[in-house]
Amino acid sequence: MFYNFLYPLHEQFSIFNVFRYITFRTSYATVTALLISFILGPLLIRYLSKNEFHERVDEKYLEHHKIKTKTPTMGGILILVSFLAPTLLWADISNRFVWTAVLTALLYGGIGLMDDIIKLKNGVGVSVKAKFAMQFLAAVPILFLISGDPGFEGDFTRLQMPFFKNLRPDLSYFYYIFAAIVIVGASNAVNLTDGLDGLAIGPITIAFAAYTAIAYVSGHGGFADYLQIPFIRGAGELSVLCGAVVGASLGFLWFNSYPAEVFMGNTGSIPMGALLGVVALITKHEIILV
């Protein structure tokens, strides 16, 4: 938003020329997300605790994890708000990839929130079949938006193989199945990693930090050509989003570190994984995600 409103003024005021640089906006998105997380964290934790949105632990694990039953869950709301707001502030809001990523976070965040709310009531949450069905269904509009972007220049269905310069097999229509599996698989991978101990935030921070760099070089013609990786026009704006996720994750880690004041729950793990999968697809670095 800042880019769209302030950068056009650079001809009158040269100071606004700085908004053209993705590295500048990524840095400030990261810091903004961190600050939002620090400010909203205590308020959200207090609200969740007051309303007894506490972690539900299966009886067979209760002996070793009893202390977690008093720790509030659904802290993923903090992560989502903390990175979505800076993304919309610092990214180019006319960029289709940015809105695709935002839609991903909202759709899968909704699935995770529903799962957490039902889990608070019945101790189990949404059934596995229903959850998978919703995740694959949510992937449909996301893939439609990604595949229709002109930034791929007709190479959307090609798979980039790391360390092999000229090996780029075209999966044709099978790529859409593969892409859906990447999104849903990454979503559930982060969900399983988080588990009862809330372990996902560390790997999430590291992975998104890596994709911050990957998105930047993939969207930069000179770097992409030099590194012999696919150049995806417009993908560089995802660096701003990834940087914001890193900032939000570091802020959440402050409250999640031992002894944890809050867990992200499925509200955080399911959308974070899906978002990671979508960024991997857009940058054509799906295999690296493994």
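# Exercises on a predicted helical model

At 1% relative accessibility, G75 counts as buried (buried is under 20% relative accessible area, exposed over 50%, partly exposed in between, with a 1.4 Å probe and protein chains only). The model is predicted, so local features need pLDDT of at least 70 and side-chain atom pairs pLDDT 80 or more, while totals for chains, interfaces and linings use all residues. Residues are numbered from 1 along each chain as its sequence is written, and side-chain values use heavy atoms, with hydrogens and water left out.

## Exercise 1: the surroundings of G75

Task: locate G75 and list the residues that it touches.

Solution. 
- Step 1. G75 sits in the loop between helix 3 (62-65) and helix 4 (76-90); helices are DSSP runs of H or I with at least four residues, strands are runs of E with at least two, and both are numbered from the N terminus.
- Step 2. Leaving out residues up to four places away in sequence, G75 touches L44, L48, F252, V262, F263 and M264, where contact means heavy atoms within 4.5 Å.
- Step 3. The C-alpha atoms of G75 and T267 are 7.2 Å apart in space, although 192 residues separate the two in sequence.

## Exercise 2: helix 7 and what follows

Task: state the reach of helix 7, the helices against which its buried residues pack and the backbone feature just after it.

Solution. 
- Step 1. Helix 7 has 21 residues and reaches 30 Å from first to last C-alpha, close to the expected 30 Å.
- Step 2. Its buried residues include Y175, A179, I183, S187, N191 and D194. The buried residues of helix 7 pack against helix 5, helix 6, helix 8 (201-218), helix 11 and helix 12 (286-289).

## Exercise 3: backbone exceptions in loops

Task: which residues other than glycine have a positive phi, and where is a cis peptide bond?

Solution. 
- Step 1. F163, a residue other than glycine, has a positive phi near 75 degrees. F163 lies in the loop between helix 6 and helix 7 and is exposed, at 84% relative accessible area.
- Step 2. K284, likewise not glycine, has a positive phi near 60 degrees. K284 lies in the loop between helix 11 and helix 12 and is buried, at 1% relative accessible area.
- Step 3. The peptide bond from Y258 to P259 is cis, with omega near -10 degrees. P259 is in the loop between helix 10 (238-256) and helix 11.

## Exercise 4: salt bridges

Task: count the salt bridges and describe the R25 and K131 pairs.

Solution. 
- Step 1. A salt bridge is a side-chain nitrogen of Lys or Arg within 4 Å of a carboxyl oxygen of Asp or Glu. By this rule there are five salt bridges.
- Step 2. R25 forms a salt bridge with E237, the closest N and O atoms being 2.8 Å apart. R25 lies in helix 2 and E237 in the loop between helix 9 (221-227) and helix 10, so the pair ties together parts that are 212 residues apart in sequence. R25 and E237 are both buried.
- Step 3. K131 forms a salt bridge with D115, with the closest N and O atoms 2.7 Å apart. K131 lies in helix 6 and D115 in helix 5, so this pair ties together parts that are 16 residues apart in sequence. K131 and D115 are both buried.

Definitions and conventions:
The expected span of a helix is 1.5 Å times one less than its number of residues.
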